[in-house]
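I opened my notebook to look up charged side chains that pair up. My entries follow the structure below.

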Amino acid sequence: MSDSHPRVVVLGAGSWGTALAAQAARNGLPTTLWGRDAAQVEAINRDHENPRYLQGVSLPEGLRATTVLAEAMAGSELVLVVVPSHAFTETVKALAPLRPAGAGVAWATKGFEPGSGRFLHEVAQELLGPDVPLAVVTGPSFAREVAQGLPTAVTVHSTDAGFAQAVAESLHGDTFRAYTGNDMLGAELGGAMKNVLAVATGVADGMQLGLNARAGLITRGLNEMLRLNKALGGRAETLMGLSGLGDLVLTCTGDLSRNRRLGLALGRGEKLSDAVVAVG
């Protein structure tokens, strides 16, 4: 990876992928965003806005978008996968033969592989092989706020300290701080488990059970996360940081969280199917 301005490709033009691509582009890195939706990609290139996911938020003029994966991957030095967990395996399979030699792969996808329940780092290792540097980007971060340039802190975990630092530096800016660590399992676990608790606290708030109940759920939920993390081999300090406690508090209390909004709807007595459609 070149020292100062690595070529970045972000795979996934949803709200979070767009926000992270914008962040890298703001930092002066040549950045390409890949998405499947031609109209959306055209709007990003023409109007510098993602009207579907981040309407009204201005994107850097240097950010380029494409629907052609091979074009996006060409010459890339840092690949950042930002697709939903159900599309992670398919996306990594598709990028594998197109990855330039030496390019590391990071992801800001939260969750496990559907069906197998495997950690995403296990999926990536299997599909990309042992020699490709891997990293996970996670932490308390609503995409819209990142895209707007509001202060945000995340953490980048990798078994390769140099790659973790390179990913962090590509995102690090005036209002975006990226820390590093080497506990990929703990970081991924924190990012996935907090979603369940966000739904639960949403349900409690939707039922108007009070602030005591919300605080109890968050605190006892964190305790449960810590126990599961220990049993699986993660480190406690990882979950007491941005990828665990930080993300848990944000997702359980912030109404930009789709998981929280789903819980709120259920707590108010709405049908699950209706709530899922409303939340998007």
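Which side chain meets that of E237 in a salt bridge? I found R235, with N and O 3.3 Å apart. I took a salt bridge to be a side-chain nitrogen of Lys or Arg within 4 Å of a carboxyl oxygen of Asp or Glu.

I note that this is a predicted model, in which local features need pLDDT of at least 70 and side-chain atom pairs count only at pLDDT 80 or more, while totals for chains, interfaces and linings use all residues. Residues are numbered from 1 along each chain as its sequence is written, and side-chain values use heavy atoms, with hydrogens and water left out.

Next I looked up accessibility. Buried means under 20% relative accessible area, exposed over 50%, and partly exposed in between (1.4 Å probe, protein chains only). E237 is exposed at 54%, and R235 is partly exposed at 35%.

I then searched the whole structure and got 13 salt bridges. One of them joins K110 and D247, at 2.7 Å from N to O. K110 sits in the loop between β5 (104-107) and α5 (120-128) and D247 in helix α11 (residues 242-253), so this pair ties together parts 137 residues apart in sequence. For the elements, helices (H or I, at least four residues) and strands (E, at least two) are DSSP runs, numbered from the N terminus. K110 is partly exposed at 23%, whereas D247 is buried at 2%.

My last entry is the salt bridge of R36 with E90, whose closest N and O atoms are 2.8 Å apart. R36 is in the loop between β2 (31-34) and α2 (38-47), and E90 is in helix α4 (residues 88-95), 54 residues apart.
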